[in-house]
Amino acid sequence: MRYRLTFITGLAVGYVLGTRAGRERYEQLRTCAQQFVRNPAVRNTAETAALGGRQAAAKAFEKTKPLRERIGQREKSTGAEDDWGTSNT
């Protein structure tokens, strides 16, 4: 309950401070964020990170190929017991 009360208090304080800052401050922050996103260095870094993430995911997918094949074989097996001593029903 204490954490919920702290969270609600934080929301209330944030709301009050946000409304006092007004629309001008909101527009100023939004403009700064848009300039940041449009920066070529930021875009290049984001694209490099995305490419690295895709490459890491592809590598992980390839490393799991033997496991996926074993799982596929297990699913195709007959109604015999599996490695855990239970039946595949």
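**Salt bridges and surface on a helical model**

Mentor: R23 is exposed, at 57% relative accessible area (exposed is over 50%, buried under 20%, partly exposed in between, with a 1.4 Å probe and protein chains only). Before you dig in, this is a predicted model, where local features need pLDDT of at least 70, side-chain atom pairs count only at pLDDT 80 or more, and totals for chains, interfaces and linings use all residues. Residues are numbered from 1 along each chain as its sequence is written, and side-chain values use heavy atoms, leaving out hydrogens and water.

Trainee: Okay, so which side chain does R23 meet in a salt bridge?

Mentor: E27, at 3.1 Å from N to O. A salt bridge here is a side-chain nitrogen of Lys or Arg within 4 Å of a carboxyl oxygen of Asp or Glu.

Trainee: And how far apart are E27 and R23 in helix α1?

Mentor: Four residues, so about one helical turn separates them. E27 is partly exposed at 25%.

Trainee: What else forms a salt bridge with E27?

Mentor: R30, with the closest N and O atoms 3.4 Å apart. R30 is partly exposed at 39%, and salt bridges link R23, E27 and R30 in a network.

Trainee: Switching topic, how many helices and strands are there?

Mentor: Three helices and zero strands. Those are DSSP runs numbered from the N terminus: H or I of at least four residues for helices, E of at least two for strands.

Trainee: How much of the protein is buried?

Mentor: Buried residues are 1% of the 89. F7, in helix α1 (residues 2–38), counts as exposed at 55%.
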